[in-house]
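Hello,

Here is the structure you were waiting for. My notes follow below it.

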Amino acid sequence: MTAKTILTYIAMLAGVILSGYFGPWWAPAAFVVLLAGLMQMTPKKAIMAGGLSVGVVYLIMAAWMNSMDKTDIIGKTGMLMGGLSSVAMIVVTTLIGVITGVLAGWVGSGIGGMLGKR
Amino acid sequence: MGTDLPVKGSFLPALGRFLNPFQGVWQNVNPDLHSFDLKGIVKADVKILFDERDIPHIYADNLADALYAQGYIHAANRLFQMDISTRSAAGKLSELIGTRTLAIDRRQRERGFEWSSEQKAKSWENDKAISALIDAYTNGVNAYISSLDYKHWPLEYKILSHDPVSWSTTHCALMLTNMAISLCLGENDLEYSTAHAKLSSEDYAFLFPDHNAKESPVIPSEKIWDFVAVPQLTSANTTPSGLQGSDKDSRKDDLNGSNNWAVAGSKTANGFPILANDPHLSLTLPNIWYEMEIHTPEMDVHGVSLPGLPLIVIGFNDHIAWGSTNSGQDVLDWYQITWKDSTHHEYKLDGKYVRASLRPEVIKVRGQSNVIDTIRYTHWGPVSHLDVHHDMAMKWIGHQKTPVNEVEYLIKINKAKDVNEYREAIAAFQYPAQNKVFASTKGDIAISVAGLMPLRPAGHGETVTSGDLSSNDWQQFIPFEHAPFIINPKRGFVSSANQAPADESYPYPLLGKRYFEDYRSRVVNTVLDSTKALTVEDMKQLQQNNYDLHAAELLPLLLTALDQGACLSEEEKKWFHEISNWNYQCHRDSLSPILFNMWYSEFEKMTWDELENDSVMLPEEWRFTEIVRDFPEHKYFDQLLTRDKKETMKDIACASFSAMVKAYRNLKDEDAKDWGHFKHSNIPHLARFPNFGVDFINASGGKHIVNAMSKTHGPSWRMIVELSEPPKAWVNIPGGQSGDPASPHFKDMLEGYFDGEYYEVSIRNDPSSWTPAKQINISPR
């Protein structure tokens with residue numbers, strides 16, 4: 001793994017955390033699109049970086065919030081959504097993060113490719 | 001991922017937003033319990049100090065600022081509850097829920113609840129001073145709503161994927177209407193009409209007499225009615241023919257009720273009057289009430305408020321305490337409409353055809369196109385066209401224009417210092433009719449049957465009436481000076497438990513006999529009458545009294561009829577001995593209440609087979625007991641199915657006992673264990689989200705019992721106030737302060753509630769004298 005790749009991953013993780021914290025719910029996806037586009041990442045790299053960074057951030061955040069859930073409100077909410085436990089809610093959240101990141105990376109890579117052709 | 005997904009008639013919220021760990025449901029894990037400052041539409045600084053139970057104590061320089069703070073706090077803790085309650089009254093649930101609530105919404109729209117609430121809100125604007133106070137409260141609610149972004153939405157909004165909507169004066173009026181729907185929508189016009197049509201006049205009079213001879217009315221018999229009553233007009237009571245049916249859905253739940261009493265210092269151990277109140281309502285989480293304390297230069301008041309309405313509804317201040325029970329009077333009449341033609345645009349009134357006014361109703365339905373309906377409004381009120389009240393107009397107290405602003409009552413009672421100011425407040429009370437109990441530090445006790453009570457033409461109001469003649473209309477309301485009221489009665493206490501307001505000597509007819517409770521009040525009055533040197537502990541015991549007077553009066557008659565079990569099998573005799581030894585206490589650990597209730601149910605079903613066949617309502621329990629006692633050979637005990645045999649009460653008692661034993665054997669082991677498990681009390685979440693409520697509470701008590709905890713109804717707030725100087729109180733609530741299911745204060749007071757725990761409360765006049773758990777400071781913008 002090259003230094004550039006590592007830096008890209010770090011930048012993407014940082015951007016997803018910051019945009020997630022300060023922006024609307026779709027901001028992490030927008031950030032991945034932007035970064036993948038500006039860096040003109042290949043589809044494979046963009047999908048990997050997007051999926052991994054958003055997925056990891058969602059996983060860590062969900063697990064952290066779940067550890068603070070004294071009233072099992074996540075588990076109770078999960079029961080309304082087809083009987084999901086709090087662990088299943090973390091898994092689904094991570095999956096949503098991965099899908100969001102993958103799609104955003106793919107779109108960003110496409111936009112980057114179009115920019116590169118110009 | 002940004003769109004709600006319809007799944008099996010329900011909806012999954014847009015998952016991308018909902019499960020986003022920075023914004024979505026994950027952010028509802030940790031409720032905000034920190035102190036903070038904010039800018040608001042206030043004239044001076046306001047402090048809100050929260051005590052260890054999360055009760056806010058508002059300290060403000062004027063009432064408007066206090067109400068702004070109250071609105072903010074109500075919204076911060078109970079916004080979803082406020083929203084769902086007003087939507088329920090207005091017929092706007094389907095916008096959140098979808099087609100599942102469409103039938104409810106259509107009925108609410110056709111009953112005109114939103115229409116009359118809008119009228120009411122407009123009329124409130126006529127009184128500028130009070131209108132400004134309502135605006136202050138509304139501004140407070142909206143200040144909280146406008147501070148919300150998706151991350152901070154209450155959990156229920158995220159689950160239902162709907163924005164909180166801004167609050168208005170109409171919402172406040174809808175809250176009042178919603179309470180009135182719970183408490184004074186009860187009537188049996190159609191049922192009485194059916195009974196009139198199907199029974200002989202002798203049978204009707206035999207089964208449904210007006211007065212229970214054992215009744216212990218709210219106003220004791222010593223009261224002399226020293227006024228000349230307004231004479232009732234006469235109008236031909238042209239009950240339309242061919243009516244039958246039963247509007248069970250909209251009928252007031254007969255488990256709604258309450259207890260209150262006030263004991264004079266002469267009957268208490270330490271010489272201070274004591275007042276107690278426990279309103280029985282449908283229990284939900286969050287609880288209907290929100291406890292708080294308000295301090296302004298004019299008042300220091302503690303009690304429970306109704307989120308969505310300003311001020312304290314039941315409580316005490318430095319001088320007085322007050323409480324409420326429902327009066328249960330019939331304040332709703334149905335008038336049958338004669339349309340001119342199939343367009344239903346004109347109806348007959350006094351020999352002419354009059355145009356109905358039409359109000360289009362657009363019901364938004366989640367995931368579906370809007371449903372549009374047109375409601376017709378007549379001289380009487382809105383016309384139903386959906387259910388058994390097809391083409392009948394509804395005249396209801398909640399729809400009437402009244403000269404007084406309802407909030408004025410709350411302001412006056414919160415500030416009242418003595419019995420005169422209490423009576424001034426009562427004069428401003430409109431509906432739902434309530435028994436307002438009172439006690440003061442000056443030593444006075446009193447009770448008033450408060451609220452507007454219609455005076456109808458003689459003989460009207462019990463059955464459906466023809467809407468063709470305006471002379472069938474309500475004449476006027478009973479003048480306030482003539483309404484039942486007593487101060488410092490000789491017996492040394494006043495009390496009410498939803499029984500009849502007054503005895504037969506009262507000069508006005510009081511309709512509502514099926515809703516007047518016949519047992520709790522007699523137990524309360526017996527205990528208060530027979531006990532000297534009453535203490536707060538006695539009051540706590542009385543609020544949790546589990547004596548079943550209905551069983552105590554009926555069961556010995558039934559047991560005697562069994563003739564020592566002569567008609568029973570050996571196995572049935574075992575249960576006969578079990579129930580014979582019952583002390584009539586409906587304790588959660590006892591078995592006999594199960595046996596009695598199941599036996600009564602079978603006995604009632606077998607006795608009234610004729611009436612059930614004819615869709616006629618059954619006599620009340622007290623009357624049934626009289627019939628068992630005095631007419632054991634009456635024709636109604638003869639069963640329809642056995643033509644060759646004439647059964648008596650004894651035969652029915654035996655047969656129903658055997659049926660009870662059989663039914664008991666078929667119960668699940670868990671249910672058959674004891675009364676608490678059989679009754680299976682529970683407190684659901686307001687939106688009926690599974691797991692958000694409490695599925696089982698092992699509680700004593702039941703219907704007709706002072707401790708009125710049934711399956712989902714029960715004492716929603718218990719308060720005992722000793723009118724010392726300053727007053728002291730003992731309170732508890734089956735739930736908690738917060739409406740947030742993730743909050744530690746969502747149901748923290750529930751655990752000890754059904755074990756009879758109370759919290760001692762005194763008014764904290766000086767904010768610097770105690771350390772709050774949390775503080776909010778509001779300063780002018």
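Helices (H or I, at least four residues) and strands (E, at least two) are DSSP runs, numbered from the N terminus. This is a predicted model: local features need pLDDT of at least 70, side-chain atom pairs count only at pLDDT 80 or more, and totals for chains, interfaces and linings use all residues. Residues are numbered from 1 along each chain as its sequence is written, while chains are lettered from A and ligands numbered from 1 in the order in which they are written.

Start with B:Leu311. This residue sits in the loop between β9 (299-305) and β10 (314-317) of chain B. Its phi is positive, about 75°, although B:Leu311 is not a glycine. Is B:Leu311 buried or exposed? A residue is buried if 20 or more other C-beta atoms lie within 10 Å of its own, exposed if 12 or fewer, and partly exposed in between, with C-beta atoms placed from the backbone. B:Leu311 has 26 C-beta neighbours inside 10 Å, so it counts as buried.

B:Tyr584 also is not a glycine and has a positive phi, about 70°. Look for B:Tyr584 in the loop between α16 (570-580) and α17 (592-607) of chain B. B:Tyr584 counts as partly exposed because it has 19 C-beta neighbours inside 10 Å.

Cis peptide bonds

The bond from B:Leu285 to B:Pro286 is cis, with omega near -5°. B:Pro286 lies in the loop between β7 (274-282) and β8 (290-296) of chain B. The bond from B:Glu725 to B:Pro726 is cis too, with omega near 0°. B:Pro726 belongs to the loop between β29 (718-722) and β30 (728-732) of chain B.

A sheet in chain B

Two strands pair if DSSP finds at least two bridges between them. In chain B, four strands make an open sheet with mixed pairing, in the order β17-β18-β12-β22. Its edge strands, β17 (383-384) and β22 (465-466) of chain B, each pair on one side only. Strand β12 (residues 332-336) of chain B runs parallel to β22(B), and two bridges join them. B:Gln336 stands opposite B:Ser466 in β22(B).

Where the chains meet

Two residues are in contact if their C-beta atoms, placed from the backbone, lie within 7 Å. How many residues of chain A are in contact with chain B? There are 21, and they meet 25 residues of chain B. On the chain A side, α1 (3-22), α3 (43-67), α4 (73-80) and α5 (86-117) each give two or more residues. The largest share, six residues, comes from α4(A).

Best wishes
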